[in-house]
Every structure is written in structure tokens, then in C-alpha cells.
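This report covers a ligand site and the sheet that accompanies it.

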Amino acid sequence: MNENISLNKISIIEDLSKQPSCSRLEMFFYDTVKSTNDTAKKYALSHPEKEAIFVANGQSAGRGSRNRSFFSPYGTGLYMSFLLSPNEAVKSPAILTCMAAVAVCEAIETALCLNPKIKWVNDIYFNERKVCGVLTEGQSDPENGALLYAIVGIGINLYAPKDGFPDEIKEKAGALLTESRDANVKNKLCSAVIKSFFEMYRGTDKKDFLDGYRSRSLLNDKYVRVNNTGSLDYDGKTALVKGIDDDCRLILRFEDGKSAALSSGEVSLL
Ligand code: BTN
């Protein structure tokens, strides 16, 4: 059985060394850390403008969006963070989140031959279960609001943990694989995510990924319940998803005929 196999950093580094888009990256591998996003943040403070990746086999205090924890058992998942010093073209963390979601899907498609979907804004679903989440955090320049650095954190459930998912998430969480694959599958998935993300990120047209995001969207033409937008005009209401705009906002049409473009908040499928 290969479900609990650790990452092989030599094989991943060798794979990525062939990719021009990854050649300038510092790479750090860990067995267990509290949170790869926190590790990246600490590194950013003492290494301004460096770009680096941080990958772990397990996290003891993995973090999700909205101050939730992210269940990160050792061995069965893949946890990584990318430290970036975004240029002018990448103005918002939301764009990086969406780029990462597309990169994860492309990687799952090539490395595992499976077809996941994206649930706006930061979740990847497979077989109606959440198998991956993305958490982007950034530090802006107080003078002009420009992003000084950004950290894109990605957590993927490759296999289900031996004792199953905890009660709080067991109705929602799932894993990509139910049977063990070759021993190298985790390394392949890891390098495929990194390669795919940095190809998009270094690409000249920073909006290229949007077609990939839209075509994999789970919510196209579906009715959803809107929550956590911070606006009473929207929260708790039902809306039809009309699409995703060029700033990665979710375009909704409410029952009263009004439209909105959400840049934050959550939706659940009805
Ligand atoms: C979410 O589903 O709300 C986002 C989950 C993001 C989890 C990843 S795992 C790697 C990185 N380190 C963290 O602590 N969180 C992100």
C-alpha cells in the first residue's frame, strides 16, 4: 500500500529543474510543520522579494479560509505554499487563488487522469466532495495598496485518512483516490501542481487562466444560497449563477431580478 508514502524531494526537485518557470524558486520540504503558509510568511519577513515553495507531508495546525482549521493528516494529503512577489499585473489575491485552483485541476487531470471541478472561489471538488482548498494571504504596501508579497497555500486530500475524516467535515470532505496507485503518484501530483501554477503565473497574459477556471466551474447555471458576503442585500438569499467575470467575481442573478458580482462570500448549491 502506498497511501502513507512521504514525498521524495529529490525526484520533485529533479522534475522541476527541467521547467524554466520554476528555475528561480527556492524549494523547502518538511515532514510536518504547523502550517506551510506560516512557514512561508516567516521566510518572507527575512527574505524580501524572494520566491519560494514550501511543501509538507503533514500539518499540525493547517489553516483554512475564515479562520477555520484545515485538517492536514500526515501522509495521505499534500500541503504546499508558494511565496510570490507579484508584479503589477497581479493586483488581487483572488486572481492568485483562482490561478491555483486551475493549476490543481490541471495537475489532477494529468497526474491522476481524473476530472475535478472548481467551486468558487477556492474549493476543488471531485465526486461531489471537497478534495482541495486554497488559501491566499498577502501583505499590501500601506502607501499604495500594492501587493508586497502573497502566499498561496494549497491542501489536497489525495487519500482518505485511515480513521476517516473528522465528524465536522465528514459529510463534505473527500479524497481523490480510493485505491493506492504507484509509489510515485504523490511526487508527480506535487510537481504537476507547481509546474502548472508557475507556468500560468509567469505567462504574459495574466488572464489566460480564466477560461480554464470557467470551464471547470461547478456552479455554472446552478441555483445557490449566498452567505458571508457581509451584505444583508445578499446573505441568506437564493441566486442563479450566471458566470465568473474577469476579476474572478461570481456573477449572480437574484430572484427579484437584481444582479451582483461577488468578490467575497460563500455560496452553497441548492
Ligand atoms: C480552505 O479550504 O479554506 C483553504 C485550505 C487551505 C489549506 C492549505 S494547506 C497548505 C497551506 N497551509 C495552510 O495552513 N493552509 C494552506
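How many residues of the shell around the ligand are nonpolar, polar and charged? In this predicted model, the shell divides into five nonpolar, 12 polar and three charged residues.

**Ligand site**

The ligand is surrounded by 20 residues, and Ser35, Gln59, Arg63, Ser65 and Lys130 are the closest.

| Residue | Protein atom | Ligand atom | Distance |
|---|---|---|---|
| Ser35 | polar side-chain atom | oxygen | 2.8 Å |
| Arg63 | backbone N or O atom | nitrogen | 2.7 Å |
| Lys130 | side-chain N or O atom | oxygen | 2.5 Å |

On its own the ligand has 410 Å² of accessible area, of which the protein covers 98%. At least two shell residues come from each of helix H2 (36-46), strand S3 (77-84), strand S6 (129-140) and strand S7 (147-157). S6 gives the most, with four residues.

**Sheet and helices**

Seven strands form an open sheet with mixed pairing, in the order S1-S2-S3-S7-S6-S5-S4. Strand S1 (26-33) and strand S4 (117-119) are at the edges and have a single partner strand each, so one side of each lacks a neighbour in the sheet. Direction ignored, neighbouring strands are turned by 20° against each other on average.

S4 pairs with strand S5 (residues 123-126) in the antiparallel sense over three bridges; Lys117 stands opposite Tyr125 in S5.

Two helices pack on this sheet. Helix H3 (residues 93-112) touches S3, S4, S5, S6 and S7, and its direction makes about 35° with that of S7. Helix H4 (residues 185-202) touches strand S2 (52-59), S3 and S7, with its direction at about 25° to that of S3.

Methods. Residues numbered from 1 in each chain as written. Predicted model: local features only at pLDDT ≥ 70, side-chain atom pairs only at ≥ 80, totals over all residues. Heavy atoms only, no water. Near = heavy atom within 4 Å. Polar contact = N/O pair within 3.5 Å; in protein donor to acceptor, adjacent residues only side chain to side chain. Areas by Shrake-Rupley, 256 points an atom, 1.4 Å probe, with all protein chains shown as cover. Nonpolar A, V, L, I, M, F, W, Y, C, P; charged D, E, K, R; others polar. Pairing = 2+ DSSP bridges. Axes fitted to C-alpha atoms, helices over the stretch in contact; angles between N-to-C directions. Contact = heavy atoms within 4.5 Å.
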